[in-house]
Structures are given as structure tokens and as C-alpha cells.
Amino acid sequence: MTTRLNPYLNFPNNARAAMEFYRDVLGGDLKINTFGEYGGDEAIKDNVMHAQLETPRGFTLMASDLPPGMEHQPGTNIAISLSGEDGDELRGYWEKLSAGGTVTMPLEKQMWGDEFGMCVDKFGIAWMVDIVHPQ
């Protein structure tokens, strides 16, 4: 396996719902392991210890529920960027990600020529979508 860079997200006990949402948006294979599968504390046995989504387009997204005592600060230190030339595909992701969330910059043509938008999804995660238009 080659070295790769991918986002890793932490959630306050709703990682399963968030990762199932992202799977519905992006497609792919979602694997979820719980704390209970590895002998974790009974109080958090059903919480997600590690989730990994691998999509047909080559995206990888990982996440977990925070263990008790760790503070959660949703969406303040990470944004996930989706970019490319397939406008229909990227607009589809945009529609699903922004539904139920907050659009912080509408997806529209920008001064540099691309279509670009930013939103925060219903789980508090910031997303950037950039549809590249050849110059």
C-alpha cells in the first residue's frame, strides 16, 4: 500500500450516522469497528472506534467517536476539499452535502474561473467544492 493523506474526523457519539451519510453521498465501501469489538468499556461498546470509507473514485475518509473525557469542537480545524473537472459529479456531491447544512459560500463561478462553494454539513464538517474549468 502506498502512503496516502486523508481526513480523519472525530464525532461526539454519532460517527456511525455521519459515516453512513458520507457513504450515501460519495458511494463506496464502509467498514466500521466498535470499541466493544476490541474489549472496550461497556458504556461505549457500541461507539465507533474506527470507521473507514473507501469510494470507487479513490476517496478515503476515516472517523471515530471520541472516548469519554475528550472534548469535541465540530468543524473548527478541518475542511474537506472535493475538486476536479466533472461538474455533474461534483454538483451532485454539493447538493447532498449542503442539504440540511449551512452554505457559507454558494457554489458559483469565481474570479479565478472555477465554480467554487463552501458549506458546513449537518454534522458540522466544513466542505469545499471546486469545479475546475480549463483556462
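The protein chain carries 10 positive and 20 negative side chains, and the centres of the two sets lie 4 Å apart. Lys and Arg count as positive, Asp and Glu as negative; His and the chain ends are not counted. Each charge is placed at NZ of Lys, CZ of Arg, CG of Asp or CD of Glu. The model is predicted: local features need pLDDT of at least 70, side-chain atom pairs count only at pLDDT 80 or more, and totals for chains, interfaces and linings use all residues. Residues are numbered from 1 along each chain as its sequence is written, and side-chain values use heavy atoms, with hydrogens and water left out.

Buried residues (under 20% relative accessible area; exposed, over 50%; partly exposed, in between; 1.4 Å probe, protein chains only) form 38% of the 135 residues.

Strand β1 runs parallel to β4 (residues 60-65), joined by four bridges. Pairing requires at least two DSSP bridges. Tyr 8 stands opposite Met 62 in β4. Side chains in a regular strand alternate between the two faces of the sheet. In β1, Leu 9 and Phe 11 form the covered face, Tyr 8 and Asn 10 the uncovered one.

Asn 13 lies in the loop between β1 (8-11) and α1 (15-26). Its phi is near 75 degrees, a positive value in a residue other than glycine. Asn 13 counts as exposed because its relative accessibility is 52%.

Key. Helices (H or I, at least four residues) and strands (E, at least two) are DSSP runs, numbered from the N terminus.
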